[in-house]
Amino acid sequence: MASRIAIAGSALLTAELMAASLSREEGLEVVTVVSNYHKLVEVVERKEADVTLIDPDRVHGDCVAVACEIRKARPACGVALVVDAPTRTFVDQALRAGVLGIVPKTAGLRRLIDSVRGVASGQVVMDPQLLSVVGRQDGPLTDREADVLRLTASGASVKEMAGELYLTAGTIRNLASAAIKKLDARNRYDAVRIASERCWI
């Protein structure tokens, strides 16, 4: 019996391409593609989805909260996220919410397909590229400082970082300044370069 997949993504072209790719795989069946979180929870229940695949950069709302809702509404449904430059804070929050799969957008289609299969069977699937996000311990940076530099590398603005990390813009600037000082960098972009070269983010 095929695993039933619900996909959420407001960029319909991207969502439909993922749906088309997954539908071609034996044992996988995409039952719906939606662009609204509230509609997603309803459809997951109605379609009896086994896996929900969410692109949190494309869907409006808090994907971690929605993962919790889906797990409560349909515990048998595994949730997987397709993410861009995830922070350690984000990964930790997602795993605590019951998310089983986290796949960075740089991982490629085959990794996505394998992750969906793993989530469908109830496994926790963590892309190797995220191990440094979860397991980073060495270096002078605090978790929050590393998160700020990682988001800086992704091109996020101070306002976007504040929203992602649930901090004020002033705190984001203070964390960036602290990281710059610790790394003896010229600015936060130079700090990103130094921290990346030393595998601290």
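The model is predicted, so I kept to its limits: local features need pLDDT of at least 70, side-chain atom pairs count only at pLDDT 80 or more, and totals for chains, interfaces and linings use all residues. Residues are numbered from 1 along each chain as its sequence is written, and side-chain values use heavy atoms, with hydrogens and water left out.

**Sheet.** I looked up the strand order first. I found an open sheet of 6 strands, ordered E2-E1-E3-E4-E5-E6, with parallel pairing. Helices (H or I, at least four residues) and strands (E, at least two) are DSSP runs, numbered from the N terminus; two strands pair if DSSP finds at least two bridges between them. At the edges I have E2 (28-34) and E6 (125-126), each pairing on one side only. E6 runs parallel to E5 (residues 101-104), joined by 2 bridges. I noted that glycine 101 has valine 125 in E6 as its bridge partner.

**Helices on the sheet.** H3 (residues 63-73) packs on the sheet, where it touches E3 (51-54) and E4 (78-83), and its direction makes about 165° with that of E4. Contact here means heavy atoms within 4.5 Å. Axes are lines fitted to C-alpha atoms, for helices over the stretch in contact, and angles run from 0 to 180 degrees between N-to-C directions. I then checked H5 (residues 109-120), which lies across E1 (3-8), E2, E3, E4, E5 and E6, at about 140° to E3.

**H10.** Which helices do the buried residues of H10 pack against? I get H7 (143-153), H8 (158-165) and H9 (169-182). Buried means under 20% relative accessible area, exposed over 50%, partly exposed in between (1.4 Å probe, protein chains only). The buried residues of H10 (residues 188-197) are Arg188, Asp190, Ala191, Val192, Ile194 and Ala195. Asparagine 187 caps the N-terminal end of H10, with a side-chain oxygen 3.0 Å from the backbone nitrogen of tyrosine 189. After H10 comes cysteine 199, with a positive phi near 60°.

**Isoleucine 172.** This residue sits in H9. I count isoleucine 172 as buried because its relative accessible area is 1%. Leaving out residues up to four places away in sequence, isoleucine 172 touches Val148, Val158, Met161, Ala162, Leu165 and Leu167.

**Glutamate 145.** I placed glutamate 145 in H7. Its relative accessibility is 5%, so glutamate 145 counts as buried. The side chains of glutamate 145 and lysine 182 make a polar contact of 2.9 Å (a pair of N or O atoms within 3.5 Å; within protein, one must be able to donate a hydrogen and the other to accept it, and residues adjacent in sequence count only if both atoms are side-chain atoms).
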